[in-house]
Amino acid sequence: MNSRIILILLIFNASFSFGQTSLEEIALENGAFSVGFRHYVTADSTRTYKRVYDWNNTTIPRPIPVSIWYPSTDHPKQSEARTVLDYMQVLKEEEEWEYLPNEQILNWFYYPNTVENQQHLQEVTRAFTGIKPANGNFPVLVYAPSYQASSIENFALCEYLASHGYIVISSPSRGTENRFLEGGTEKDLETQARDIEFLLAEITKFPNANPNQIATMGFSFGGLSNVLAQMRNEQIKAIVSLDGSIKYQLKTLKKSPFFNLENVDVPFIHFAQKNIPEEVLLADKIDPSLDHSFEFYDSLSNSQAYSLKFHNLSHSYFSTLGVLFQPRDERQDKSDLEIMESYKLASVYTLKFLDAFLKDDQEALKFITNQPSDNGLKEKLVSYRSKQADIQVFSFQDFNELASTQKYQNLISLHESTLKEHPDLKLPEGNLNNLGLQLLYNSETAQNGINIFLLATHLYPESANLFDSLGEAYLFIGENEKAMENFEKSLHLYPENQNAIERLKQLQK
């Protein structure tokens, strides 16, 4: 073992304890979908890069390692699930140490080589490689990792969200010219924001990703970059900050020529770490005002915003790798049980927030807007505050009321005129699909349902699911030629749509 590792372990033994937990004990309650995982490397040809450990002057297009978690309806055997070690292979590749022996992973990277951590490497996760994506059209979450961290650092949370019907895409936090960042500078910030924007384009290649329902989530430094990305990308509809540096490094963001608080006009939620003890503030030379001040949040005026402080979580434990592998700081960290309980709670709040604003789930919105005590939580777990945007949001329900008053006629024109007056109007694909089906199967309003689907396919022309529903609608009222036309459109967009295949076989007999 080299001297650097020995020194680190001596420090850990002096100031830290080694907690022991497991993925099973974290016990995130996965949703109805199996979770598929895919990892590959592509490149951004508009930027250049040098691999630091190749020791040559070769410049290459900027490599972008991509990790994607997605919902699936396949039911693979649990024995086929990925292990934590499989995820650490991704970390090795992203650190440019692809050929490092597995037994050296804990010695080489970030976490102490303890018996407990060796056991974590063998744990089985909820993700599977090679299974098919589920049919449908799913919201997208772009995950921005912490400073110089791996795309898989929060794999348990990413799996959890995918199991509940989200596609999650991530790439590592890397410097501009090579693997290493400069130190959290505005140059580092711009680089990670551009990587996020690369992923926004990359996810459009993935089957069933809904390009109209995209949020970003960033941990630590990634929580600064994802805000910058939203400031200049209107397709980002919500922001999740996992103790994001937007609280600690706002000065860095203000240096960007793209900084504009007026552009932050989407729902925003920030999860903050516990108050840092005075002993740690002094020893680590941390500004004590950061425990309480939050200039960015206080300055928001166009965003429906929420801020929650988790009283049992230190900064490291907003990530899966932190919860599993990070040594516990005896000066401030809570017990393993308390850390796991709060990590799980932060995951639940993340899901509810995304459900509320990407899926227009009213029960989830109620959960988010409730005081924690109204959700059955103890005050010692989390404290909460929220603020409403100064602008009035025109909702899906408001549009439906307008549409119903004109008997669901001329909906495309109605949408265009309403959008001029209410540019914040959002008509989620899933809501349109559900409303269309509800109207369709009532014999008195069947044509109204078809009109809703005609609007929906106009707004979402790449949605195989909506054209499939429109085909079902025409089939239901006996217009078989139009039904075939729309099933064929659906199949063109998604060639594996089994429902469309079967319907076309029936209609062609």
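These legends go with several close-up views of the predicted model. Residues are numbered from 1 along each chain as its sequence is written, and side-chain values use heavy atoms, with hydrogens and water left out. Because this is a predicted model, local features need pLDDT of at least 70 and side-chain atom pairs count only at pLDDT 80 or more, while totals for chains, interfaces and linings use all residues.

View A. The strands follow the order 4-2-3-6-5-7-8-9-10-12, with mixed pairing. Strands (E, at least two residues) and helices (H or I, at least four) are DSSP runs numbered from the N terminus, and two strands pair if DSSP finds at least two bridges between them. Strand 4 (127-129) and strand 12 (382-387) stand at the edges with a single partner strand each, so one side of each has no neighbour in the sheet. From one strand to the next, the twist averages 25 degrees.

**View B. Strand 2 beside strand 3.** Here residues 34-49 and residues 60-72 run antiparallel, joined by 13 bridges. Look for T42, whose bridge partner in strand 3 is I64.

**View C. P63 in strand 3.** This residue sits in strand 3. P63 is buried, with a relative accessible area of 14%; buried means under 20%, exposed over 50% and partly exposed in between (1.4 Å probe, protein chains only). Beyond its neighbours within four places in sequence, P63 is in contact with V41, T42, A43, Y49 and R174, where contact means heavy atoms within 4.5 Å. For scale, 19 Å separates the C-alpha atoms of P63 and S225, which are 162 residues apart along the chain.

Definitions and conventions: Axes fitted to C-alpha atoms, helices over the stretch in contact; angles between N-to-C directions.
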